[in-house]
Amino acid sequence: MLHSKIEGSGQPLVIMHGFLGMSDNWKTLGTQFVDQGYQVHLLDLRNHGRSFHSDDFSYELMVQDVYDYCKANNLTNIDIIGHSMGGKVAMLLATTYPDLVQKLIVADIGPKYYAPHHQEILAGLNAVDFSTQPSRNEVDAVLTTHIPDFGTRQFLLKSLYWQEPGQLAFRFNLSVFNQKIDQIGKALPENAVAMMPTLFIRGGNSNYILDQDLEKMQLHFPNMQLQTIPKAGHWLHAENPKLFFQFCVDFLQNQ
């Protein structure tokens, strides 16, 4: 069963992080949704955070994990938010189990195929030698040689934890990601269609959702709309959480 953090009561809202992320990335926004009357479920997807590690890794399996989680927790008519990889999971869940999902919010990812583009990040992560028992600062120093962007490194370091006294490790399953990285960019199946109200939110400085992608997005999600957060990149919910939250609440409560 997936690890989760559950807070609040009311309409169930399931939130799913992106690749190499974890539920903690959404803690602050999750609390804000609780204040709006939602029962918030912050999930750790398989091979991420505190959830189980598995050699099997695909969107189909992640969708089954989330469906099983909802069933085990008696969740029906859920609203769902997914960012990046989590958005791909959310889209496939909504098109596979449309009766489960009431409203869908997808953050800065589309249904199209994405070529592998995490090579430098994976190179940095693989360069860390935990057998030398590095400190947190030493891990950061190794990552810096491959990942100059401070924000990206801080995001990755959130998954660093003390496996035992004196021994750090990453919570995510890096060895499986090295083998299955091609899974991350997979497109939604051509015949996948869902009719529930759907909101896509993109970052104005991100190239994940382009204007020319809209026609294909509408084929999969005919009842969709698109909002753009100006000057935000791929981590739009962290870069402008106020506007991201406002877009979500307006859509969930008024559409």
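Reader: Where is Q167 found, and which residues does Q167 touch, not counting residues up to four places away in sequence?

Author: Happy to walk you through it! This is a predicted model, so local features need pLDDT of at least 70 and side-chain atom pairs count only at pLDDT 80 or more, while totals for chains, interfaces and linings use all residues. Residues are numbered from 1 along each chain as its sequence is written, and side-chain values use heavy atoms, with hydrogens and water left out.

Q167 sits in strand 7, residues 167–170 (strands are DSSP runs of E, at least two residues, and helices runs of H or I, at least four, numbered from the N terminus). With a relative accessible area of 14%, Q167 is buried (under 20%; exposed is over 50%, partly exposed in between, with a 1.4 Å probe and protein chains only). Leaving out residues up to four places away in sequence, Q167 touches F130, Q133, Y161 and W162 (heavy atoms within 4.5 Å).

Two of these neighbours lead onwards. At Y161, the charged end of R171 sits over the ring, 4.1 Å from its centre (CZ of Arg or NZ of Lys within 6 Å of the ring centre and within 35 degrees of the ring normal). Another such arrangement has K103 over the face of F251, at 5.3 Å from the ring centre.

F130, in turn, belongs to a cluster linked by ring pairs, together with F19, F57, F170, F172 and F177 (rings of Phe, Tyr and Trp, its six-membered ring, pair with centres within 6.5 Å; planes under 30 degrees apart are stacked, over 60 edge-to-face, the rest tilted).

I184 lies in the loop between helix 7 (174–180) and strand 8, and at 11% relative accessibility I184 counts as buried. As for separation, I184 and N137 are 47 residues apart in sequence and 29 Å apart in space, C-alpha to C-alpha.

Stepping back, a search of the whole structure finds 12 aromatic pairs. In the pair F200 and F221, the ring centres are 5.8 Å apart and the planes are at 65 degrees, so this pair is edge-to-face. Because F200 lies in strand 8 (residues 198–203) and F221 in the loop between helix 8 (214–220) and strand 9 (224–229), the pair ties together parts that are 21 residues apart in sequence. F200 is buried, at 0% relative accessible area, and F221 is buried with a value of 0% too.
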